[in-house]
Amino acid sequence: SILYFNDEDYIFRTSSARFFINAQKTKLQITDTTVYAGTGSKFTAKLLNQDGEPIAGQIIRFTVNGMILKGITDKKGIAAVSLVNLSCGNCKITADFDAVNNYLSSSISKTITVKTTVALPSNDVYTFNSPYSVKLYDNEGKALSSAKNVEFNINGQAMYAVCINGIASLNIGLDVGNYIVKVTNPQTGEMKTQSVRVIARI
């Protein structure tokens, strides 16, 4: 309402008007169900308006393991972030869009699977100079094509091998005994540990 109080030249008047703000509903979509451990795995969410059209240039807030990451939607309405320090297993991720201009807020949560990028051998018993081989994957789950410095840390001693077509091997030139082997994926940074035993050849 607008009020005007009269004076000697004008008469008191009141006027009312009704205004409508056309606020649009929004919707977030998450299609990713699998990411990979370590660093560099991408995660996306898509922001749509009430007509199913993408909304560009908006901030999406991702919450995972207590960490908050932010991405901005592109022309397709997709916001992407790089996930870090994820451990294998199930993980809950929430994406939030806060109300802005004539868009209402929206939120979505999903439990996703975090897969390893370091596949250790099932065998844990070796003889002198027998090969110890691991399979390595990139942050998209594809076999790591090549890498020069795959670290094998055996009881605190670092050794290095070349990865070819996703396979890195190191000959176990160790005396009889029990050892702890730590293998690090040079691309994702994921490290896995295995206990192995070296036995005498018969």
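I count strands as DSSP runs of E of at least two residues, numbered from the N terminus. I take two strands as paired if DSSP finds at least two bridges between them.

I note that this is a predicted model, in which local features need pLDDT of at least 70, side-chain atom pairs count only at pLDDT 80 or more, and totals for chains, interfaces and linings use all residues. Residues are numbered from 1 along each chain as its sequence is written, and side-chain values use heavy atoms, with hydrogens and water left out.

Entry on strand pairing. I looked up Ala147 and found Cys163, in strand 15, as its bridge partner. Strand 14 (residues 146–154) runs antiparallel to strand 15 (residues 157–164), and seven bridges join them. Two residues separate these strands in a hairpin, where Asn155 in the turn has a positive phi of about 50 degrees.

I then followed Cys163 to strand 16, where Ala168 stands opposite. Strand 15 pairs with strand 16 (residues 167–172) in the antiparallel sense, over two bridges.

Entry on the cores. I define a nonpolar core as a set of buried Ala, Val, Leu, Ile, Met, Phe, Trp, Tyr and Cys residues joined through side-chain atoms within 4.5 Å; buried means under 20% relative accessible area (1.4 Å probe, protein chains only). The largest such core has 23 residues, and Phe43, Ile60, Phe62, Leu83 and Ile93 have the most contacts inside it. Strand 9 gives the most to this core, with four residues. A second, separate core of 21 residues includes Cys163, along with Tyr126, Phe152 and Tyr179.

Note on methods
Buried < 20%, exposed > 50% of the residue type's maximum accessible area, 1.4 Å probe, protein only.
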